[in-house]
Amino acid sequence: MELSDANLQTLTEYLKKTLDPDPAIRRPAEKFLESVEGSQNYPLLLLTLLEKSQENVIKVCASVTFKNYIKRNWRIVEDEPNKICESDRIAIKANIVPLMLSSPEQIQKQLSDAISIIGREDFPQKWPDLLTEMVNRFQSGDFHVINGVLRTAHSLFKRYRHEFKSNELWTEIKLVLDAFALPLTNLFKATIELCSTHANDASALKVLFSSLILIAKLFYSLNFQDLPEFFEDNMETWMTNFHSLLTLDNKLLQTDDEEEAGLLELLKSQICDNAALYAQKYDEEFQPYLPRFVTAIWNLLVTTGQEVKYDLLVSNAIQFLASVCERPHYKHLFEDQNTLTSICEKVIVPNMEFRAADEEAFEDNSEEYIRRDLEGSDIDTRRRAACDLVRGLCKFFEGPVTGIFSGYVNSMLQEYAKNPSVNWKHKDAAIYLVTSLASKAQTQKHGITQANELVNLTEFFVNHIQPDLKSATGKLMLIFVGYFSDVPKEQLLLSIPLLINHLQAESIVVHTYAAHALERLFTMRGTNNATLITAAEMAPFVEVLLTNLFKALTLPGSSENEYIMKAIMRSFSLLQESIIPYIPSVITQLTQKLLAVSKNPSKPHFNHYMFESICLSIRITCKANPEAVGSFEEALFLVFTEILQNDVQEFIPYVFQVMSLLLEMHKNEIPSSYMALFPHLLQPVLWERTGNIPPLVRLLQAYLERGASTIASAAADKIPGLLGVFQKLIASKANDHQGFYLLNSIIEHMPPESVDQYRKQIFILLFQRLQNSKTTKFIKSFLVFINLYCVRYGALALQEIFDSIQPKMFGMVLEKIIIPEIQKVSGQVEKKICAVGITKILTECPPMMDTEYTKLWIPLLQALIGLFELPEDDTIPDEEHFIDIEDTPGYQTAFSQLAFAGKKEHDPVGQMVNNPRIHLAQSLHKLSTACPGRVLSMLSTSLNAEALQYLQGYLQAASVSLL
């Protein structure tokens with residue numbers, strides 16, 4: 001693809017079309033760009049466009065397209081083709097930093113993200129001059145350029161907050177600190193001085209404060225893993241300046257916008273985060289500075305208003321206090337009763353209250369309000385932070401704090417009682433206070449797991465929650481029912497019909513909270529870990545519950561309400577066979593919903609719970625009546641076909657999982673409708689998307705389990721296609737285990753004669769990969785495979801195929817792989833396969849008894865006894881940093897495993913062997929019968945005493961002896 005004006009023009013036209021709302025215009029344009037992105041110069045054309053185009057919309061579109069291109073293609077996956085040619089990679093790295101720094105902010109952000117994606121792969125080894133180039137720009141004095149560098153550094157280094165510690169990571173951080181820490185510190189000091197110089201120039205201050213925010217974020221990232229010596233030596237500089245910034249007048253750079261946080265608020269929020277990090281992780285070094293930070297943050301809290309723009313600042317400030325008050329050596333700061341009263345009165349209670357702004361959000365954007373209230377979304381609310389502070393204070397001061405708040409709760413409830421319709425906010429705050437006080441420990445799944453004995457939850461629930469459930473106005477929080485797991489069960493059961501009734505409420509808030517509260521109740525577990533509410537107790541409500549849940553999906557604003565769909569899923573899971581009479585109606589409604597949302601999938605959680613509900617319907621019905629599988633296929637296949645034909649990427653992994661579940665329900669043969677699809681499943685394009693790989697492998701396994709002989713006869717020409725998929729997967733470190741899943745199914749289920757001609761080539765491919773890039777994960781899978789092969793075809797066949805590839809290779813595999821590595825195998829079934837395979841090698845392979853391989857007999861037996869008796873070896877070499885499957889770059893749909901489509905663990909040796917230790921004893925007995933005295937003499941001269949003792953135990957248990 002030439003770097004020509006004609007190509008730039010063509011690219012411009014296609015980019016314009018990708019912005020068209022009409023899918024008929026947009027989709028073909030997206031497909032075209034996808035088809036040409038492998039061409040040389042394509043990324044350079046995008047960069048040229050975003051630099052030279054006269055249209056701003058095209059510049060922005062080109063920058064987003066470029067970033068997504070980098071996201072999908074930059075990572076080089078071992079043994080897979082390089083998706084970007086080397087000359088393009090060199091040109092991109094040479095030009096992207098200067099281009100990013102000279103671009104407008106909107107484009108700068110996209111390019112900065114692209115640099116961080118490239119940096120994640122190439123920095124520092126393949127991009128050693130990136131740091132130098134960035135640091136040199138600090139000298140420019142141009143804060144547009146400096147902020148571009150800081151923004152890029154932030155996106156590059158923020159991963160240090162999430163990565164696991166390793167020598168490799170620490171080496172990289174040290175390299176960054178050596179080059180970056182001093183220039184960053186000097187820039188920090190210089191920027192603060194410039195703030196004083198330009199104290200009266202608002203536009204200059206805006207730029208400078210933008211820099212300070214990014215510098216504070218970088219400080220957090222660079223200090224997250226450990227306290228670097230550099231920052232410890234320069235702590236006075238950083239802490240003194242952070243403290244002085246915290247005490248700046250809030251009116252500085254004040255914005256008129258009530259909603260949007262200003263730069264100063266954002267800076268102070270980040271400083272609170274930094275102080276909390278130091279208080280939690282480096283308290284010894286931070287101790288001299290802590291009292292003045294507590295004072296500054298306390299003053300900040302009592303002088304900051306209730307406006308929404310301060311929410312993040314107040315939340316972070318409270319979180320700082322919460323992290324400090326629960327650490328034993330800061331306990332003395334909070335011991336004074338006046339201090340506690342002041343915190344409760346001036347910080348906690350005001351931030352528990354439901355403000356006019358909350359009510360506005362509650363009315364105007366119910367969905368976002370609900371998400372923040374129920375889950376916290378990405379933003380911690382003031383209320384959530386205040387709850388955390390209550391819990392933190394209760395760690396050492398439970399009695400005094402409960403006493404202080406009891407008075408507040410009582411007065412709030414009295415205010416509410418005077419005029420419930422006007423003063424409902426008082427009760428709302430009282431409920432939050434009580435639940436914060438009550439729950440010393442809480443989990444999503446189980447609600448409150450450890451309660452404050454000073455708070456009588458049952459009494460509060462009966463007197464103040466239940467009465468409102470009978471007459472919910474849309475203001476009172478039905479959600480709380482789901483948090484009272486300490487309340488007697490009979491009281492909770494009384495709430496269920498009331499909540500079901502509220503599912504019909506027109507108000508999105510009321511029916512959503514009702515659905516969420518029901519979902520919580522259905523998942524709550526009692527002391528024996530069984531669900532608190534049973535299917536039998538729900539029996540009287542099944543019909544009205546299902547009717548109202550599905551009706552709630554038709555109410556305004558709730559057509560894709562994830563809380564309702566989650567409640568549907570939980571209801572199915574709890575009620576099990578009680579839902580069977582309603583399945584025909586339920587599956588029709590779910591299928592219609594699936595068809596509607598597949599036109600434009602936009603709610604990932606809703607979609608996930610919908611597919612889970614479909615799986616549950618299938619499982620529950622077919623467990624009672626296996627023949628019903630046909631009616632599900634009839635209901636679903638039309639929609640599935642449409643999803644596959646329209647390439648709805650978000651749904652395809654789900655469709656494959658549901659199809660696997662359906663196919664596994666069939667007993668012995670594959671219906672023709674599945675066989676028609678089979679050739680399409682081998683198309684390379686489907687395997688390009690990471691998210692498709694696990695469900696596609698599972699589906700192919702289902703085909704092999706249910707109809708290997710049909711495939712061998714009707715689709716014999718597809719066996720090379722299946723092996724081609726295996727070859728592609730085995731070459732990838734991220735997906736090699738999936739390749740082994742497929743290979744194991746081929747070996748286990750396909751008629752031997754259909755695989756004969758390919759067997760040797762399979763082993764050669766595996767040995768090549770073993771030679772070129774051996775990893776622990778690959779070794780574990782390889783061990784399971786060769787032992788499964790041994791079980792299926794016999795130990796002699798295994799020895800012969802190894803030695804046909806290279807003389808004496810069987811001995812090398814035993815000595816270098818099986819004996820030293822077998823302890824790494826994990827998983828019950830996997831260990832059992834290996835145990836049965838090794839037993840066969842020991843007892844059914846003549847060369848093990850009368851060739852040079854005999855010297856390996858005792859070490860192999862010893863390794864097998866170790867597999868039975870020693871702890872698993874879970875060490876992983878330092879140099880192995882696996883690409884986590886979920887972390888592969890690109891915005892292809894990540895694979896989402898459906899819990900209720902889960903595959904039952906399959907034991908390929910289950911019918912043959914029940915107890916592998918007994919099986920070893922019996923097999924050794926048989927061998928010793930065939931060659932008397934031989935086995936005993938080898939054991940007595942060479943097997944170590946401990947292993948011999950274990951072996952005698954197996955022989956006794958099997959009631960056999962060696963001759």
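This is a predicted model: local features need pLDDT of at least 70, side-chain atom pairs count only at pLDDT 80 or more; totals for chains, interfaces and linings use all residues.

Is E869 buried, partly exposed or exposed, and at what relative accessibility?

Reply: E869 counts as partly exposed, because its relative accessibility is 24%, and the cut-off for buried is under 20%.

Now for its partner. E869 forms a salt bridge with R917, and the closest N and O atoms are 3.0 Å apart. The two residues sit in separate helices: E869 belongs to α44 (residues 857-869), while R917 belongs to α45 (residues 916-930), so their pairing ties together parts that are 48 residues apart in sequence. R917 is partly exposed as well, its relative accessible area being 30%.

In total, the structure holds 35 salt bridges. One of them joins E642 to K599, with 3.1 Å between the closest N and O atoms. Here E642 lies in helix α30 (residues 629-645), whereas K599 lies in the loop between α28 (583-598) and α29 (604-624), so this contact links parts that are 43 residues apart in sequence. E642 is partly exposed at 32% relative accessibility, and K599 is exposed, with a relative accessible area of 52%.

K824 and E821 make a further salt bridge, again with the closest N and O atoms 3.1 Å apart. In this pair K824 is buried, and E821 is buried too. Elsewhere, salt bridges with shared partners connect K31, D647 and R689 into one network.

Searching the whole structure gives four cavities of 30 Å³ or more, and the largest cavity holds about 80 Å³ of space. Its lining includes E367, I370, R371, I508, T512 and K603. Helices α19 (366-375), α24 (508-523) and α27 (562-575) each supply at least two of the lining residues, and α19 gives the most, with three.

Key
Residues are numbered from 1 along each chain as its sequence is written. Side-chain values use heavy atoms; hydrogens and water are left out. A salt bridge is a side-chain nitrogen of Lys or Arg within 4 Å of a carboxyl oxygen of Asp or Glu. Helices (H or I, at least four residues) and strands (E, at least two) are DSSP runs, numbered from the N terminus. Buried means under 20% relative accessible area, exposed over 50%, partly exposed in between (1.4 Å probe, protein chains only). On a 1 Å grid over the protein atoms alone, a cavity is a set of points where a 1.4 Å probe fits but cannot get out, and a pocket is an open set with protein on both sides within 12 Å along at least five of seven lines; lining residues have an atom within 4 Å of a point. Grid points are joined across faces, edges and corners, and a volume is the space filled by probe spheres set on the points.
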